[in-house]
Amino acid sequence: MTEQKRRNRLAWVDRTLCAACGVCMKVCPKKAITIYKGLYALVEETLCIGCKKCEKVCPSGAITVKDNLAEIDYTKCT
């Protein structure tokens, strides 16, 4: 995802770093996170409500919610 899209506050996932463990997807009350073909997570930014449930369950602390959107720090993602 480009830096411009990040500045426009879209939720994003770095596909090359996501482990596709699915923990964040399971707790999302709006079903905003899906695992694409078992390879990586996709976040539907129009559904994310910033509830922070995914942030709380991420075992490596890689998910944070900023400006009511989930973001994933793939340097921490396991």
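**Close-up views of a predicted model**

**View 1. The pairing of strand 1 with strand 2.** Strand 1 (residues 33-36) and strand 2 (residues 40-43) run antiparallel and are joined by four bridges. Strands are DSSP runs (E, at least two residues) numbered from the N terminus, and two of them pair if DSSP finds at least two bridges between them. The model is predicted: local features need pLDDT of at least 70, side-chain atom pairs count only at pLDDT 80 or more, and totals for chains, interfaces and linings use all residues. Residues are numbered from 1 along each chain as its sequence is written, and side-chain values use heavy atoms, without hydrogens and water.

**View 2. Residues of the hairpin.** Thr 34 has Leu 42 of strand 2 as its bridge partner, and Tyr 36 stands opposite Tyr 40. Three residues lie between the strands, and Lys 37 takes a positive phi near 50°.

**View 3. The largest cavity.** The largest cavity holds about 90 Å³ of space. A cavity is a set of points on a 1 Å grid over the protein atoms alone where a 1.4 Å probe fits but cannot get out; lining residues have an atom within 4 Å of a point. Grid points are joined across faces, edges and corners, and the volume is the space filled by probe spheres set on them. Of the 14 lining residues, Cys 28, Ile 33, Cys 48, Cys 51 and Cys 54 are the closest to the centre.

Conventions: 1 Å grid on protein atoms, 1.4 Å probe; cavity = no way out; pocket = protein on both sides within 12 Å on 5 of 7 lines; lining within 4 Å.
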